[in-house]
Structure formats: structure tokens, C-alpha cells
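Here is a short briefing on one protein. Look over the sequence and the model, then read the points below.

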Amino acid sequence: QVQLVESGGGLVQAGGSLRLSCAASGSIFSINAMGWYRQAPGKQRELVATITSGDRTNYADSVKGRFTISRENAKNTVYLQMNSLKPEDTAVYYCNAIHNNGYYNTNYWGQGTQVTVSS
């Protein structure tokens, strides 16, 4: 079992910055990758960025050059630094962890944090 708690969302003007945090607890040693997804009203949940246990990162084209995902192992925390925010970045952002028990992967999700970018 893995528990994920997000923080850092809020309201920001276009062009501003926010940093999201996701603290993991539980069976963290079997987490292969973590990431951030987002879901805007009326839209499907989409990948924003991921980072593997080997620190390989992957970004959606829409956020490349503006968002940075990173991890702090000592705090079991993953961050999403979001710069040059646009109104279209408005969504609920969810933290995700992929846990492997040696047989199969399980996806865990946080409760979500709202990010609102005003124009």
C-alpha cells in the first residue's frame, strides 16, 4: 500500500508559478515511478510529467520547457515546478505512483489539488 498526499495548488495569474508537492508513505521502496496527471472540467485525465526511480523524466508536449518534475528521496517527495502558467493549465492535478510487488504493477493516486490560472 502507498499513500500519496498532494499540496501546493492554488490560484495564480497567467505567467506566474506554482510548485506542487506529493509526499509518499507506506511501501515506498517498491515504487518504480511517480508522476503528475491533470484533469480539467469535461476532459479526460492526462499525463503531465513522470519520473522513474532512475530519475528519467517524461513530459507532455504542452508543458515541456515550463514544468519540471523532481524528487527528494530523503523526504519521499516528488515536486512539480510549474512556470509560465497559462489559463489552459487550469485543472485538478493528481499525483500518481506505480508500485510493483514483484508480480504486477498497481497505480496509486492522491486526492488531487486544484490549480487555477486566471487570464
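Read along the sequence, the pattern is β-β-β-β-β-β-β-β-β-β-β. That makes eleven strands and zero helices. Both are DSSP runs, numbered from the N terminus: strands (E) have at least two residues, helices (H or I) at least four. This is a predicted model, where local features need pLDDT of at least 70, side-chain atom pairs count only at pLDDT 80 or more, and totals for chains, interfaces and linings use all residues. Residues are numbered from 1 along each chain as its sequence is written, and side-chain values use heavy atoms, without hydrogens and water.

**Overall shape**
- The protein has a radius of gyration of 14 Å, which agrees with the value near 14 Å for a compact globule of 119 residues. This radius is taken over C-alpha atoms, and the globule rule is 2.2 Å times the number of residues to the power 0.38.
- The C-alpha atoms fill a box of roughly 45 × 30 × 25 Å along the principal axes.
- Contact means heavy atoms within 4.5 Å. Of the contacts with a separation of 6 or more, 53% join residues 24 or more positions apart.

**The core**
- Of the 119 residues, 41% count as buried. Buried means under 20% relative accessible area, exposed over 50%, and partly exposed in between (1.4 Å probe, protein chains only).
- In soluble globular proteins, nonpolar side chains tend to be buried together.
- The largest nonpolar core has 31 residues. Such a core is a set of buried Ala, Val, Leu, Ile, Met, Phe, Trp, Tyr and Cys residues joined through side-chain atoms within 4.5 Å.
- Leu4, Met34, Trp36, Leu80, Met82 and Tyr93 touch the most other members.
- Strands giving two or more residues to this core include β1 (2-7), β4 (31-39), β8 (77-82) and β9 (91-100).

**The largest pocket**- The largest pocket has a volume of about 180 Å³. A pocket is an open set of points on a 1 Å grid over the protein atoms alone, where a 1.4 Å probe fits, with protein on both sides within 12 Å along at least five of seven lines. Its volume is the space filled by probe spheres set on the points.
- Lining residues, with an atom within 4 Å of a point, include Ala24, Met34, Arg71 and Thr77.
- β4, β7 and β8 each supply at least two lining residues.

**An exposed loop residue**
- Asp61 sits in the loop between β6 (57-59) and β7. Asp61 counts as exposed because its relative accessibility is 64%.
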